[in-house]
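Dear colleague,

Please find the structure we discussed below, together with its sequence. My notes on it follow directly after.

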Amino acid sequence: MLPPQTYSKIAEFKTLSDFRSALKREGIEIGLAEDAVPGKAMPSPISCCGRTFGNRWAILPMEGWDCEKDGTPSEYTRRRWLRFAASGAKLIYGTEAAAVSHEGRSSPRQLLVSEHTLPALASLCREMRKVHKNTTGRDDDFSIGLQLTHSGRFAHPNDPLKAEPVTAYEHPLLDRKFHCGPEHVIKDSQIHTVVQDFVKAAQIAWKAGFDFVDIKHAHGYLAHEFLSAVERKGPYGGSFENRTRFFREIAEGIRKTCPDLILSVRLSLFDLLPFVKDENGRGVPMPWNGFYPFAFGGDGTGLGMDPDLTETAEFIHMAHCEFGVDLICATVGSPYYNVHLQRPAYYAVSDGYPPPEHPLYNVSRHIAAVKRIKQLCPDVCFVGSGYTCLQEFLPNAAEYAVSSGFTDFVGIGRMALPYPDICSDLLAGRTPDRRRICRTFGDCTNAPRAGMVSGCFPLDDFYKKIPEAARLKENRIRMKGNL
């Protein structure tokens with residue numbers, strides 16, 4: 001077995017000039033502002049969705065897999081959300097991926113939006129506003145959303161290690177990779193129930209006090225799969241109109257029952273072929289000959305982005321014009337089958353593979369995709385993602401992207417686990433604390449993949465002390481031996 005390719009780590013670059021030179025040598029284009037602390041663009045307010053957001057920082061939604069078994073937020077959940085509220089970011093984008101039904105949960109401990117979880121969600125939402133106001137001095141320019149999702153192919157509602165998939169269509173590669181079959185394809189007669197689950201969840205989110213809901217269409221989950229259901233027969237597959245019917249029915253239902261609730265979408269702008277490990281342990285795309293129609297937003301090869309993002313832009317225009325969706329959280333790919341694209345990192349996660357190309361190349365792909373879709377859809381506000389891998393230089397890239405009009409907000413995900421208040425430090429003109437910066441070790445993914453709660457085990461003392469830390473360390477040693 002060949003050793004995995006290694007790349008220069010971010011911490012090796014002592015100055016911005018050194019880092020710029022390294023990017024140039026690698027042929028990677030990432031704009032970096034010279035002066036990002038405190039910065040001028042990131043602290044600036046912006047109007048969107050009929051409200052004003054006090055700055056351009058956003059916290060991205062992540063799955064903690066640490067709720068109670070009935071789907072109620074736990075103390076783990078509460079701690080994480082309150083840290084987000086105190087981060088200084090004025091947009092808590094989706095807070096967390098929340099399942100709209102038990103069957104759609106990605107884990108038996110995923111957050112569930114239901115009547116029985118409503119009181120806890122409402123209490124936590126109120127507490128977040130209070131914490132934010134106490135931390136920043138105001139909360140009238142602060143918004144909290146809840147991401148609504150059905151995990152589809154990746155549903156594990158009863159056992160974290162046993163999938164109970166629900167798929168949008170028979171996928172020639174993903175079915176093979178994840179051991180699915182025609183028996184898992186959702187029937188037309190069952191789709192109405194799932195649509196109503198989303199609508200009911202939105203009603204609960206509204207009652208709980210959330211400012212908006214995010215109808216998740218990303219990462220290979222059920223709603224995202226419908227967008228590429230080109231070979232599905234019937235009213236939910238084939239044509240663009242049919243493939244977007246699932247979204248339109250959800251959005252129409254929410255508009256009728258919660259007309260004042262803001263709607264947003266987290267959207268994978270483009271997708272790639274699924275990747276697997278080859279005989280040398282390296283990530284490679286699954287073999288495919290000819291045109292590949294199953295990557296929404298792709299260029300037809302399965303390996304790149306449609307340069308005009310034709311269907312992606314068409315979807316956003318439809319969501320904006322027909323349903324008033326003014327905010328899109330942009331992502332790319334999937335953490336389940338092309339993790340190097342979706343979550344650029346220097347280290348392989350337990351069910352993944354070493355990066356097959358420079359991680360920062362895929363950071364640049366995120367930024368370029370959002371820049372392009374912003375050009376195509378200028379009336380919509382966008383939240384960019386994929387920045388955590390830049391580590392010390394994340395602030396420079398964020399300032400450059402916003403000041404250049406490439407995106408309206410910069411979202412942070414993994415970075416917000418060990419260091420949520422990087423936002424407030426930067427806004428106050430303080431140099432980020434290097435000891436708390438995410439290094440993309442991947443344990444926030446490795447832990448839930450092994451049925452444990454998600455958190456930053458390497459850098460957050462809270463997680464270092466819980467029992468799962470020792471189990472995760474053992475898993476990490478075994479994984480290293482298998483690479």
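Strand β8 is covered on both of its faces: Ile-262, Ser-264, Arg-266 and Ser-268 are buried on one side, and Leu-263, Val-265 and Leu-267 are buried on the other. Buried here means under 20% relative accessible area, exposed over 50%, and partly exposed in between, with a 1.4 Å probe and protein chains only. In a regular strand the side chains alternate between the two faces of the sheet. The strand spans residues 262–268, and seven of its seven residues are buried. Helices (H or I, at least four residues) and strands (E, at least two) are DSSP runs, numbered from the N terminus.

Please note that this is a predicted model: local features need pLDDT of at least 70, side-chain atom pairs count only at pLDDT 80 or more, and totals for chains, interfaces and linings use all residues. Residues are numbered from 1 along each chain as its sequence is written, and side-chain values use heavy atoms, with hydrogens and water left out.

As to its partners, β8 runs parallel to strand β7 (residues 212–215), to which three bridges join it. It also runs parallel to strand β11 (residues 327–331), here with five bridges. Two strands are taken to pair if DSSP finds at least two bridges between them. Ser-264 of β8 stands opposite Asp-214, and its bridge partner in β11 is Leu-327.

Helix α1 (residues 16–26) has Leu-16, Phe-19, Ala-22 and Leu-23 buried. These residues lie on the same side of α1 because they cover an arc of only 125° around the axis, the arc being that of the directions from the helix axis to the C-beta atoms. Lys-24 and Arg-25, on the other side of α1, are exposed. The cover over the buried residues includes α11 (359–376) and α12 (394–403).

Glu-225 is found in helix α6 (residues 222–227). Why does Glu-225 count as buried? The reason is its relative accessibility of 4%. Leaving aside neighbours within four places in sequence, Glu-225 is in contact (heavy atoms within 4.5 Å) with Arg-153, Thr-167, Ala-168, Tyr-169, Leu-174 and Gly-220.

The last topic is the cavities. On a 1 Å grid over the protein atoms alone, a cavity is a set of points where a 1.4 Å probe fits but cannot get out, and lining residues have an atom within 4 Å of a point. Grid points are joined across faces, edges and corners, and a volume is the space filled by probe spheres set on the points. The count comes to seven cavities of 30 Å³ or more.

The largest cavity has a volume of about 520 Å³. It is lined by 33 residues, and the closest to its centre are Pro-61, Met-62, Glu-63, Gln-342 and Arg-343. Helix α14 (443–449) gives the largest share of this lining, four residues.

The second largest cavity has a volume of about 130 Å³. Of its 16 lining residues, Val-339, Arg-343, Ala-345, Tyr-347 and Val-349 lie nearest its centre. Both α10 (339–342) and α14 supply at least two residues of the lining of the second largest cavity.

Yours sincerely

Technical notes:
1 Å grid on protein atoms, 1.4 Å probe; cavity = no way out; pocket = protein on both sides within 12 Å on 5 of 7 lines; lining within 4 Å.
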